[in-house]
4 protein chains.
Amino acid sequence: MNAIKDHAFASDNNSGIHPEILAAIARANRGHVIAYGDDPYTRKAEDTLRNTFGREAEPFFVLTGTGANVLGLASLLQPYHAVICAESAHINVDECGAPERFCNCKLLPVNTTDGKLNPDNILQQLQGFGFEHHVQPKVISISQPTEMGTVYTRDEIESISQLAKKHDLYLHVDGARLANAAVRLNLEFKAFTKDAGIDVLSFGGTKNGMLFGESVIFFRKELAEHFRYIRKQGMQLASKMRFIAIQFDTYITQKIWKANASHANEMAQILYKETEQIPEIQVTQKVETNGIFARIPRKIIAPLQKEYFFYVWDEATNEVRWMTSYDTQPEDIEDFTHFIKELIHQ
Amino acid sequence: MNAIKDHAFASDNNSGIHPEILAAIARANRGHVIAYGDDPYTRKAEDTLRNTFGREAEPFFVLTGTGANVLGLASLLQPYHAVICAESAHINVDECGAPERFCNCKLLPVNTTDGKLNPDNILQQLQGFGFEHHVQPKVISISQPTEMGTVYTRDEIESISQLAKKHDLYLHVDGARLANAAVRLNLEFKAFTKDAGIDVLSFGGTKNGMLFGESVIFFRKELAEHFRYIRKQGMQLASKMRFIAIQFDTYITQKIWKANASHANEMAQILYKETEQIPEIQVTQKVETNGIFARIPRKIIAPLQKEYFFYVWDEATNEVRWMTSYDTQPEDIEDFTHFIKELIHQ
Amino acid sequence: MNAIKDHAFASDNNSGIHPEILAAIARANRGHVIAYGDDPYTRKAEDTLRNTFGREAEPFFVLTGTGANVLGLASLLQPYHAVICAESAHINVDECGAPERFCNCKLLPVNTTDGKLNPDNILQQLQGFGFEHHVQPKVISISQPTEMGTVYTRDEIESISQLAKKHDLYLHVDGARLANAAVRLNLEFKAFTKDAGIDVLSFGGTKNGMLFGESVIFFRKELAEHFRYIRKQGMQLASKMRFIAIQFDTYITQKIWKANASHANEMAQILYKETEQIPEIQVTQKVETNGIFARIPRKIIAPLQKEYFFYVWDEATNEVRWMTSYDTQPEDIEDFTHFIKELIHQ
Amino acid sequence: MNAIKDHAFASDNNSGIHPEILAAIARANRGHVIAYGDDPYTRKAEDTLRNTFGREAEPFFVLTGTGANVLGLASLLQPYHAVICAESAHINVDECGAPERFCNCKLLPVNTTDGKLNPDNILQQLQGFGFEHHVQPKVISISQPTEMGTVYTRDEIESISQLAKKHDLYLHVDGARLANAAVRLNLEFKAFTKDAGIDVLSFGGTKNGMLFGESVIFFRKELAEHFRYIRKQGMQLASKMRFIAIQFDTYITQKIWKANASHANEMAQILYKETEQIPEIQVTQKVETNGIFARIPRKIIAPLQKEYFFYVWDEATNEVRWMTSYDTQPEDIEDFTHFIKELIHQ
């Protein structure tokens, strides 16, 4: 078990529940409602998501981000299909093979420097169509923002979507931190998801102030037709569904997503400005959302982790990842960067 | 969406969160802790479970009851193995094939009248050992209490456990409502689980006052060795784990499990006494926990469901299931049975 | 390893290759042809099967009977689907869980006395439609002839097919010994397969004189659309396909199927007549193809197996299975029944 | 369907059955033997393989090369494990995702230029141990010879084996063309398999003169313990096993493997010498077995394929693959290279 500051930079998953979200859960805690989603809270939250993502959107609530990604993909895939994704994608490196186990499918990784696919680098895996010895590419999956914190513009998504359509592929988006991308792009959610040609979206909230629960949103009704069986068989059907639903409803209608993601992104900019002034530190990725990737002196990694636990991204190059959160405070950053400088100059 | 009374008899899953559980979640909501279980709340809750179930117990938190069952089984099984279970078992009829999908294994159903396996009826499926054309039985899985609300005595469990050991099989228990069985048996949890020879237990709390979260408890350390990979790959690793942990810790240490299950069981006895006096109703199973199974006049099913939604267990025989809950009130039962009599005499 | 007479009654799988089949393989062994089925022998055999089973038939060659069954089913199923079959079906008891492993699906077994499904007994498993907690029945699978050697009439198949269509299910047939049924029914293959409403057929030949290789025949083109990927991913794509193809072509065009199955069925009738006269033996199933099921005195089982290896079907009742083959000789039966009588009277 | 010369250069899979192999099949075609491998031919062939690969070797016969690879891997893997292999490995690009489907596992591809892994390039994927979000590497799989026709020396295999042991991984070898490597290395099979530290081997013969059938050979008895269930569940258990066994027995004892592979390798050298003299052709890989990889003028690809079908390995660079076979004749090469020159100079 790692010691940790009350506000550290390891992960936005380390933060707690936003007070308004917790208050909403308490409000929904009265009397009986039918379990497994056949209740008024769930209906209301689904309507809220349809108002946000478009009338044809078909939202479903699940339990984890991995669950959202894997079940969303499962609804698009036969076992002989394959998913083209960035080598760094969460589905490829951080889900312990859950996509392969549950979908029985192959992932086709694409090497990138910034975690972003594009119509050119996708081509290295867009092959083998009609050849029975080769898996058949069927889904392109991107992360928005990427695991490196970079953000796809609406145009970039559209160009990938067009490529997907041309080859009869689906476009899936891992949006575990979609709010941070929306703030960065200064766009409505719908504008860079449904309107940009996305077919299925994992829309997360846990990393941005929710207690638990994620959602899978289908932008074409026919893709959602059998999802409730996939969700149950995928062990992702919550019995007391109302308590996920009320969180999403509150998250959207009270614009908690926006306040929280804006704050986290701003904190990342402050942290970025502080650290880029330290000559011993090289920031390695554009800081577009709430993550900072940086190469730091090897000698400070262990003592810094001891006070502020965080993950080393690449052992070979001393590249680390720092994440800001909706509850990061400017003074947390001040203390942190102060301590970094101390360690460097020891 | 079905209308529902504030306190109906459809399912203990339809009730909300016990106030002390919700208060505990709020208490755990301060500052950052490491995600995915590497935090003090989780350590504390694990200790509490070890104090309850025995020092060698290895507890893990997951998200749903289906998840607890399937991942617990997955840790015991190779794909050519099979699970012997009652035909009526939750894993066999209520999990949409999740065990088959995730474990790739076959279930071998045993016909029973009361949902209970025993060394005799297990024999019908305890075969094919060493024959490569036949799946190899490897796990016996029982539900305690059963899906019919009946309870295994400690001796009954031991007799199954001995059979299992004799044939080199594991004994798995689906304990989604284990608290209700403990109250009925008037035994400590450990006495009729670990001490009775159980290898792996799904220990649930959501049906008895928790918000979400279940646990898988291994009674032999070597069975737990790789479970964290199975849990992550099974999409059942919660990021903000502390909020499941604090629920279980509170559930046990504040004896909420006992108060809630005792109340629910008592309410079932009241409901049983009320309904068995109605000559048009035949109770079909022993009422040992919080469920009542009864054949009722066909004509009253629809109008009764309209006011008090519940599930029909067997369409052919007009057998229905009514569940009491930790928050069922005597006046709910009075109103309910009053309405039943009205409908019968209309 | 079991000793065995040159012509025993254990299984039609124990016989060798019909001489004309082996001669055909030798004829196809000249020069190079494209591997994996893109060759003239395969085209010719496919045409032959289309001439036999109907113009719309889409035949594919695979390697084993289990492969034919499992891959045929896989082409019809999503993991949340289920297959209704007789409890005694080969897919349920003799394939070591291959359907569950490869299709990730549940089988829903129906108890029968003679291995035959019908619109009545199917109803016990034809349920749960639209209920997300329950697997969704999608395929009815029958064996023709059954594992008990009994045969469905054309009308019986049609009645099942109509039930299947009514509920939007597919009808799959395990025809590992289809030739024996055709002879018994005295019908063309097409009359009791395609014309009776079957969707997918496993059409075997190995038990009736072929060396190896089975076929999967789709009676609706759209069901076959992706089968070549399923076959390759299912490890059932033979490289030197011509040598399976030439066997099927010869089997059909030279009517080897008919000569061999007629002979085997006749031998079964002779064996039946001989054994039914022995008062200590009770034949338990109608003898309609090439299998005899009989209860025999326990004391003779071991010594009889020692000379003529065969399988005990039900240990509890001393029921055994004897199979005749295309190469069984009347004198083999004479010797066998003579020896049985000797053992009984010892 | 592609037209093809009687002896072309598309694949060694396009050739037929070696006459002595076919004669052996005919010899085994007498009387009944127990199906599924419990017969004297199979025992004899197993002994022959043990004499060849070492007393502790546990050989099993299966049906296809993909089956041999996938089932061999399945016996080593849990679903949360991963297989490190060359990006170009057959299991990674030519098996339509069969390993992922049947083993439920992830493959971790390593980029190479010549298809060969080594202790350095393996490191890029040898990571994530003990981290529950990451699949756990458990097997290193190499192809001997590689898909590029290159051969690992005994020392090279040992260095990989040592790395595997150090990290508690298994070493698997895809030996679909192992005979060609043995001839190149001028070593007994055992010397560069068991003695070099290999754990499980796919040992093929179909590409070198057999009709069908492959084998999986375990070099540690405990790894083979449950393989017969995996084989049956994997749809790779042949009923008339004797006809695979007799092929392997004859292949080894009559040294057909050596005669055929030596001839094919020699033919590749002749073809190499002929083509390297053509200035418009660049051979891209060392010619160590029976494959030639070469960049050829784009304009000649289509007309050359029309007469002599072959596969384009890399569309982008006009790299093609030509394979020689046990039945390739010097005059075939003469005709082929003559035609190439004609096409170039047209």
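Because the model is predicted, local features need pLDDT of at least 70 and side-chain atom pairs count only at pLDDT 80 or more, while totals for chains, interfaces and linings use all residues. Residues are numbered from 1 along each chain as its sequence is written, chains are lettered from A and ligands numbered from 1 in the order in which they are written, and side-chain values use heavy atoms, with hydrogens and water left out.

Copies were superposed by least squares on the C-alpha atoms of residues with pLDDT of at least 70 in both. Chain B is superposed on chain D by a rotation of 180° with 0.0 Å of shift along its axis, at an RMSD of 0.0 Å. The two copies are thus related as by a two-fold rotation axis. In chain B, the C-alpha nearest this axis belongs to Q78(B), at 4.2 Å. Of the interface residues of chain B, 100% are also interface residues in chain D, so these copies meet through the same surface. A rotation of 180° with 0.0 Å of shift along its axis also superposes chain B on chain A, with an RMSD of 0.0 Å. Here too, 100% of the interface residues of chain B are interface residues in chain A, so the copies meet through the same surface.

Helices (H or I, at least four residues) and strands (E, at least two) are DSSP runs numbered from the N terminus, and two strands pair if DSSP finds at least two bridges between them. Chain C holds an open sheet of 7 strands in the order β1-β7-β6-β5-β4-β2-β3, with mixed pairing. Strands β1 (58–62) and β3 of chain C stand at the edges with a single partner strand each, so one side of each lacks a neighbour in the sheet. The twist averages 25° from one strand to the next; axes are lines fitted to C-alpha atoms, for helices over the stretch in contact, and angles run from 0 to 180 degrees between N-to-C directions. Helix α2 (residues 40–53) of chain C packs on the sheet, touching β1, β6 and β7 (214–218) of chain C (contact: heavy atoms within 4.5 Å). The direction of α2(C) makes about 130° with that of β1(C).

Within this sheet, β2 (residues 81–86) of chain C has 6 of its 6 residues buried (under 20% relative accessible area; exposed, over 50%; partly exposed, in between; 1.4 Å probe, protein chains only). Strand β2(C) pairs in the parallel sense with β4 (residues 136–143) of chain C over 5 bridges, V83(C) standing opposite V139(C). With β3 (residues 106–110) of chain C, β2(C) likewise forms 5 bridges in the parallel sense, and I84(C) has L108(C) as its bridge partner. Strands β5 (residues 170–175) and β6 (residues 200–204) of chain C run parallel and are joined by 4 bridges, with G175(C) opposite F203(C).

In chain D, 6 of the 6 residues of β5 (residues 170–175) are buried, so this strand is largely enclosed by the rest of the structure. Y170(D), H172(D) and D174(D) cover one side, and L171(D), V173(D) and G175(D) the other.

Buried residues of α12(A) include I333(A), F336(A) and I340(A). Seen down the helix axis, the buried residues of α12(A) fall within an arc of 155° (from the directions from the axis to the C-beta atoms), so they line one face. On the other side, E334(A), H338(A) and H345(A) are exposed.
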